[in-house]
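Please look over the following protein–ligand complex with attention to its sheets, its backbone exceptions and the confidence that goes with them.

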Amino acid sequence: MRLKGAIRSIRVCWSIWLGYVIVLLSILMGLIGGSSSVRVREYKFEVGYMKKKPDCIENSYVMGINGHFPGPTIRAHVGDTLHISLFNNISTNEPTSIHWHGISQHGTPWADGTASISQCAINPGETFHYRFTVDKAGTYFYHGHYGLQRSAGLYGSLIVDLALGQKEPFHYHSEFNLLLSDWWHNTSLHQELSLSSKPFQWIGEPQSLLINGRGQYNCSMAANIVNNNATLPQCKFRTSDEECAPQILHVHPNKTYRIRIASTTSLSSLNFAISNHKMVVVEADGNYVDPFEVDDIDIYSGESYSILITTNQNPNNNYWISIGVRGRKPNTPQALTILNYKNASISSSNIIIPNSPPPITPQWNDFNRSKTFTNKIHALMGSPKPPTHYDHRLLLLNTQNLIDGYTKWAINNISLVLPQTPYLGSIKFKINAAFDRRHPSEKFSNGYDIFSPPINPNANFGNRVYMFNMNQVVDVILQNANVLSGKNSDIHPWHLHGHDFWVLGYGDGKFKQGYDEKKFNLKNPPLKNTAAVFPYGWTALRFRANNPGVWFFHCHIEAHLHMGMGVIFAEGVQLVKGIPKQALACGLTKKIMSFNTTNN
Ligand SMILES: O=C1O[C@H]([C@@H](O)CO)C(O)=C1O
């Protein structure tokens, strides 16, 4: 009996041990399996001013990261978590924050990088930890979202690849990544002072356009050789070891290349073209589009595209890649680089100049051409379709105004001035004094004449919030109008944080409720995070308010945003949990964050 009992207890012990071993093994397997699918990528970013020469002019100061301008490219897979610890080492005592443009920040609205909205600005000497997951493959970028720091050069690329084992719906052999920007010789502080002066002083057009942070001031690589631009002197052709030398795209004949193109310009709308090469557009703002072939693309600030090109031209020649200004009367030369066929180069520092002229940038004010391009962008079959009805519609009129003699931009007559305390905290913790709690206006006066300067140019400053119920379907009709004086209406690329929207349509003149919406594209509208509103026209967007947080919606022209051209959206803020202390330890939320993190 004893023996049997002993055997039984040994068996019981064994089975307990076996159980432990199995549990331990499965935890280990889970950890191992988990680490291959969910990866945390760590980055240390130190933001500061550096002496550089983006357009070959000596002694320029740019805002860069870890000594680099543009900042380092972040590359991750869908499902990865990024942890970027951002140290503010800006010697001029400016606070900072970085926005991850196009990333949804589902569950991490405090990591969106908007000072005064999602977080406290990061003061000099402080480190902020951005932790968020990237959930959609595509071409993105990041940039400063404090003051005019994007103008100062604070930006870089963020590329999200599909999860391992997943395939893109198109094929290519290799890829390039181009981040486009514009560059002024006046510092961002000078620009800020000009924009805030009375009388108003506009910043003017940029001195140079940059491709991956490189341009050449006041000359053209193509001048003389091909007699393309007689007004500009010919540039010295910079060799690849020079800081401002163009980054040349080296290709093999008869291959397909994906070129990722993102625009982080502060002002310029651009046209991108490669001589002799057609391009097929396959991605816009991190969403697949129904592929279409064009000779060139228009790209507005805040947008990104992927195009495919086939290197099917004479492989003994090289070809120009150009960007030029559209939408505003240009006063900035094209930026150029070279598509270098392998056969045509003797060595990488001995590049043959193309023997045909660079592409001619289309007329800056040929808006019909711009609209034709924009209207070609449709979602790829199988993309999420928009809801057929909306719950909430905002009609937002943008006007240029005068407030106390200062020139500003206003939306439904309110020019945005951000509060001291970030909205995310003040809404979550119900701190009423932090901003104006009244409802902002959801429409503008029917009688407003969008074709003339405003009869009464006065507007007001404000900081109210458009609050949506969770999962409501929101329509935004952006209505453009004439500027303060003269006969002109600017292009404004509007960018939404935290969401993609469907672009339901564009139209000329004033939006007619009940009529224009009959022409909305509900079948295959593209999903985007940035869309232009054309001069004297309207643009209709639809999105689902399904991302708890507080989100900026604004013109992506940095000077216009600085002049008040933005609004604040919020939804489901009570559902937001686990806001890190450091995001809200300022203004009226400072006390709450230091004493009470339990109800967070
Ligand atoms: O906001 C702007 O101001 C100027 C001009 O309208 C007034 O000087 C300009 O071109 C802008 O885009």
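## Strand pairing, backbone and ligand shell

Strand E18 (residues 318-326) runs antiparallel to strand E19 (residues 335-341), and six bridges join the two. Strands here are DSSP runs of at least two residues and helices are DSSP runs (H or I) of at least four, both numbered from the N terminus, and two strands are taken to pair if DSSP finds at least two bridges between them. Within this pair, isoleucine 321 stands opposite threonine 337 in E19.

This is a predicted model, in which local features need pLDDT of at least 70 and side-chain atom pairs count only at pLDDT 80 or more, while totals for chains, interfaces and linings use all residues. Residues are numbered from 1 along each chain as its sequence is written.

E18 and E19 belong to an open sheet of five strands with mixed pairing, in the order E11-E19-E18-E13-E16. Strand E11 (249-251) and strand E16 (296-299) each have a single partner strand and stand at the edges, so one side of each is left without a neighbour in the sheet. On average, neighbouring strands of this sheet are turned by 20 degrees against each other, direction ignored; the axes behind such angles are lines fitted to C-alpha atoms (for helices over the stretch in contact), and angles run from 0 to 180 degrees between N-to-C directions.

A further open sheet, also of mixed pairing, has six strands in the order E10-E9-E12-E17-E14-E15. Its edge strands are strand E10 (208-211) and strand E15 (287-294), each of which pairs on one side only. Here neighbouring strands are turned by 25 degrees against each other on average, direction ignored. Inside the sheet, strand E14 (residues 279-284) and strand E17 (residues 304-310) pair in the antiparallel sense over four bridges, and valine 280 stands opposite leucine 308 in E17.

| Cis peptide bond | Omega |
|---|---|
| phenylalanine 69 to proline 70 | near -15 degrees |
| lysine 198 to proline 199 | about 0 degrees |

Proline 70 lies in the loop between strand E2 (60-65) and strand E3 (74-77), whereas proline 199 has its place in the loop between helix H2 (188-195) and E10. Asparagine 93, although it is not a glycine, has a positive phi of about 70 degrees, and this residue is found in the loop between strand E4 (81-88) and strand E5 (98-101).

The UniProt annotation "domain: Plastocyanin-like", from an unreviewed entry, covers residues 47-161, 176-344 and 451-572; UniProt positions follow the numbering used here, feature names are shortened, and annotations may be inferred rather than shown by experiment. Over residues 47-161 the chain is 0% helix and 43% strand, with the end C-alpha atoms 26 Å apart. Over residues 451-572 the chain is 4% helix and 44% strand, and the end C-alpha atoms are 38 Å apart.

Which residues surround the ligand? They are Trp202, Val483, Asp490 and His560, a residue being near a molecule or strand if its C-beta atom, placed from the backbone, lies within 6 Å of it.

As for confidence, the protein chain averages a pLDDT of 92, and 91% of the residues score at least 70, where pLDDT is the predictor's confidence in each residue, from 0 to 100. Over residues 1-36, however, pLDDT stays under 50, and the model has zero contacts beyond four places in sequence for them, a contact being two residues whose C-beta atoms, placed from the backbone, lie within 7 Å. For the complex, the predictor gives an ipTM of 0.98 and a pTM of 0.93.
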